[in-house]
Amino acid sequence: MATFDGLVLLVLYVGAQALTLWAFVDALIRPAAGFVASGKLTKPGWAAITGLAALVIFWQQNPMTLFGLPAVIAAIVYLVDVRPAVRGLPRGNSW
């Protein structure tokens, strides 16, 4: 039977992995022009940051480590700051 600590770490791991993967997939599907138009880092830059964050969480299997916490913070920064700015821009031609 699993201990309480083990279950808490499992929930944190699954949540952090889901968060970083969501940020990575979202960075991939947004148009590249939106990142530049909103004054944020380029699409390949954010895709690399969020992809690396997902790999770090997968590799560490514990978001409460020296590399796990910055990975989760990078995904949160993308989802809270960059995603709303890029998402608010219209797609394609406006005419």
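D26 counts as buried, at 4% relative accessibility. Buried means under 20% relative accessible area, exposed means over 50%, and partly exposed lies in between (1.4 Å probe, protein chains only). D26, R30 and R83 are linked in a network of salt bridges. The model is predicted: local features need pLDDT of at least 70, side-chain atom pairs count only at pLDDT 80 or more, and totals for chains, interfaces and linings use all residues. Residues are numbered from 1 along each chain as its sequence is written, and side-chain values use heavy atoms, with hydrogens and water left out.

**Salt bridges**

- A salt bridge is a side-chain nitrogen of Lys or Arg within 4 Å of a carboxyl oxygen of Asp or Glu. By this rule the count is 3.
- R30 and D26 meet through their side chains, at 2.9 Å from N to O. Both R30 and D26 are buried.
- R83 also forms a salt bridge with D26, and the closest N and O atoms are 3.2 Å apart. This pair links distant parts of the chain: R83 is in helix 4, D26 is in helix 1, and they are 57 residues apart.
- R83 is buried, with a relative accessible area of 17%.
- D81 and K40 form a salt bridge through their side chains, at 3.2 Å from N to O. D81 lies in helix 4 and K40 in the loop between helix 2 (32–37) and helix 3, so the pair ties together parts that are 41 residues apart in sequence.
- D81 counts as partly exposed, at 40% relative accessibility. K40 counts as partly exposed too, at 25%.

**Overall layout**

- The protein has 4 helices and 0 strands. Helices (H or I, at least four residues) and strands (E, at least two) are DSSP runs, numbered from the N terminus.
- Read along the sequence, the pattern is α-α-α-α.
- The C-alpha trace spans about 60 × 20 × 15 Å along its principal axes.
- Of the 95 residues in the protein, 33% are buried.
- Contact means heavy atoms within 4.5 Å. Among contacts with a separation of 6 or more, 67% join residues 24 or more positions apart.
- The protein exposes about 6200 Å², and carbon and sulfur atoms supply 73% of this area. Accessible areas come from the Shrake-Rupley method with a 1.4 Å probe; for residues, only the protein chains shown count as cover.

**Nonpolar cores**

- A nonpolar core is a set of buried Ala, Val, Leu, Ile, Met, Phe, Trp, Tyr and Cys residues joined through side-chain atoms within 4.5 Å.
- The largest one has 9 residues: A23, A27, F35, W46, A75, Y78, L79, V82 and V86. Helix 1 (4–29) and helix 4 (68–87) each supply at least two of its residues. Helix 4 gives the most, with 5 residues.
- Another core lies apart from it, with 7 residues, among them A16, V56, I57 and V72.
- A75 is in contact with L19, T20 and A23, leaving aside neighbours within four places in sequence.

**Nonpolar surface patch**

- F4, V8, L9, L12, M64, L69, I73 and V77 make a nonpolar surface patch of about 730 Å². Helix 1 and helix 4 are the elements that give two or more residues to this patch.
- Patches are made of residues with over 30% relative accessible area and no salt bridge; like charges are joined within 9 Å, and nonpolar side chains (Val, Leu, Ile, Met, Phe, Trp, Tyr) within 5 Å.
- Helix 1 supplies the largest share of the nonpolar patch, 4 residues.
- L12 lies in helix 1. L12 is partly exposed, with a relative accessible area of 36%.

**Residues to look at**

- Q17 lies in helix 1 and counts as buried, at 11% relative accessibility. A polar atom of the Q17 side chain lies 3.3 Å from the backbone oxygen of A54. Not counting residues up to four places away in sequence, Q17 touches A54, I57 and F58.
- G68 lies in helix 4 and is buried, with a relative accessible area of 0%. Leaving aside neighbours within four places in sequence, G68 is in contact with V56, I57, N62 and P63.
- G68 and Y13 are 55 residues apart in sequence and 9.6 Å apart in space, C-alpha to C-alpha.
- Q61 is found in the loop between helix 3 (43–60) and helix 4. Q61 has a positive phi of about 55 degrees although it is not a glycine.

Note on methods:
A polar contact is a pair of N or O atoms within 3.5 Å; within protein, one must be able to donate a hydrogen and the other to accept it, and residues adjacent in sequence count only if both atoms are side-chain atoms.
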